[in-house]
Amino acid sequence: MRASRTRRRVPVRAAVQRWRVLLDLWLIARPAIWLVSLVPFYVGHLLATRWLIAGQDACVPMSGRCLDAAAPVLTGLVVWGPLVWLAVLAINDAFDLDGDLRNPRKDDAPLVDGRLSVHGALVAAHVTAAAALLVALTVRPAFALVTLGFLVLGWLYSVPPVRLKDRPGFDVATNAAGVGGLALLAGWTVVRPIEGFPWVMAVEGVLVATALYVPTTVTDYKADLASGHRTIAVRLGPRGAYRIGLAAWTASCALAVTLAATGHVFPHRTLWTQAVSAPVLVWAYHRFLGRAREPGEVLHGIIVASWMFLVPYLVFALMYARVL
């Protein structure tokens, strides 16, 4: 009887362990951060199609044309959501383990808690990266090439001997180029060739991504300082890092107003929205991030600035898609 019970317990334990591994991989992928790439991905798709919803112009009642038109975009969301983020964050966690052990915010992380090994994280990163590229290839080669660029940047950020995370300035540039530039380009190439892409919007995206990424280095300032990670916040101090973020934020607002004033990419009708929101956005960034030092305060400031930023861009989206 005991042997029979033991045999029954073994499959149950194996199933529980598999689900635990899947849950840990889910935590490593950090679903809350997917919007960081999916929002610019959506903007890129909007720029390419003038559609608020993927495939909206191809939708015919009682037919499959709507799903067929939306399929590439839905595939792109999978690639630029769970797949690329698990690939780059798993390898980041593997090479950041020494520093994360000194970071109170990471106490429950799978690698820090010992629930997942470094080897397991590296295997997950490689398998997921390969899956992201293979799935991206089913859409179009240009989309796969942009996805490869994001993965390469993510790995250069984390993996020695390059490890751009420890090279002040390059840590910011890597994240800004990946999220603000390549994610935008991915949304475009998922439905159109790269020709015709409005590169000035990549500049805008990089500026916004810089402004929102720099404060994240402040949240880990003490832990990075203790572990020897030379991020932009460690090199310049929290105040110096904030100035770079504010300069990028202000430049992005000024560029948006300029584009609206000239009618380039931004419809001229959005000028009043951009002109009114620009000083408000700069004030909000200074108000909520200028004095923030504790991780909770910084994260709160990033969230507030991000949501306020979405207001004028929602107006832009509606006007660009000719809804307003």
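**Entry 1**

I looked up Phe288 and found a relative accessible area of 22%, so Phe288 is partly exposed. I use buried for under 20% relative accessible area, exposed for over 50% and partly exposed for values in between, with a 1.4 Å probe and protein chains only. Trp283, at 48% relative accessibility, also counts as partly exposed.

I note that this is a predicted model, in which local features need pLDDT of at least 70 and side-chain atom pairs count only at pLDDT 80 or more, while totals for chains, interfaces and linings use all residues. Residues are numbered from 1 along each chain as its sequence is written, and side-chain values use heavy atoms, with hydrogens and water left out.

**Entry 2: aromatic pairs**

I recorded 15 aromatic pairs in the structure. Rings of Phe, Tyr and Trp (its six-membered ring) pair if their centres lie within 6.5 Å; planes under 30 degrees apart count as stacked, over 60 as edge-to-face and the rest as tilted. For Trp80 and Phe150, I read ring centres 4.8 Å apart and planes at 55°, so this pair is tilted. The pair links distant parts of the chain, since Trp80 belongs to helix 3 (residues 65-95) and Phe150 to helix 6, 70 residues apart. Trp80 and Phe150 are both buried. For Trp283 and Phe288, the centres are 6.3 Å apart and the planes at 80°, so I list that pair as edge-to-face. I also found a cluster linked by ring pairs, with Tyr242, Trp249, Phe266, Tyr285, Phe309, Tyr313, Phe316 and Tyr320 as its members.

**Entry 3: helix 6**

I next followed helix 6, which runs over residues 141-158 and has 18 residues. Its span from first to last C-alpha is 26 Å, close to the 26 Å expected at 1.5 Å a residue; the expected span is 1.5 Å times one less than the number of residues. Its buried residues are Phe143, Ala144, Val146, Thr147, Phe150, Leu151, Gly154, Tyr157 and Ser158. They cover an arc of only 165° around the axis and therefore lie on the same side of helix 6; the arc is that of the directions from the helix axis to the C-beta atoms. On the other side of helix 6, I found Pro141 and Leu145 exposed.

**Entry 4: backbone exceptions**

I kept in mind that most residues other than glycine have a negative phi, and most peptide bonds are trans. Pro160 and Pro161 are joined by a cis peptide bond, with omega about 5°. I located Pro161 in the loop between helix 6 and helix 7 (170-189). Arg50, although not a glycine, has a positive phi of about 60°. Arg50 sits in the loop between helix 2 (35-49) and helix 3, and is partly exposed at 30% relative accessibility. Arg322, also not a glycine, has a positive phi of about 65°. I placed Arg322 in the segment after helix 12 (295-320), and its relative accessible area of 60% makes it exposed.

**Entry 5: the whole protein**

I counted 12 helices and zero strands; helices (H or I, at least four residues) and strands (E, at least two) are DSSP runs numbered from the N terminus. Buried residues make up 47% of the 324 residues. The C-alpha atoms fill a box of roughly 80 × 60 × 35 Å along the principal axes. Of the contacts (heavy atoms within 4.5 Å) with a separation of 6 or more, 71% are between residues 24 or more positions apart.
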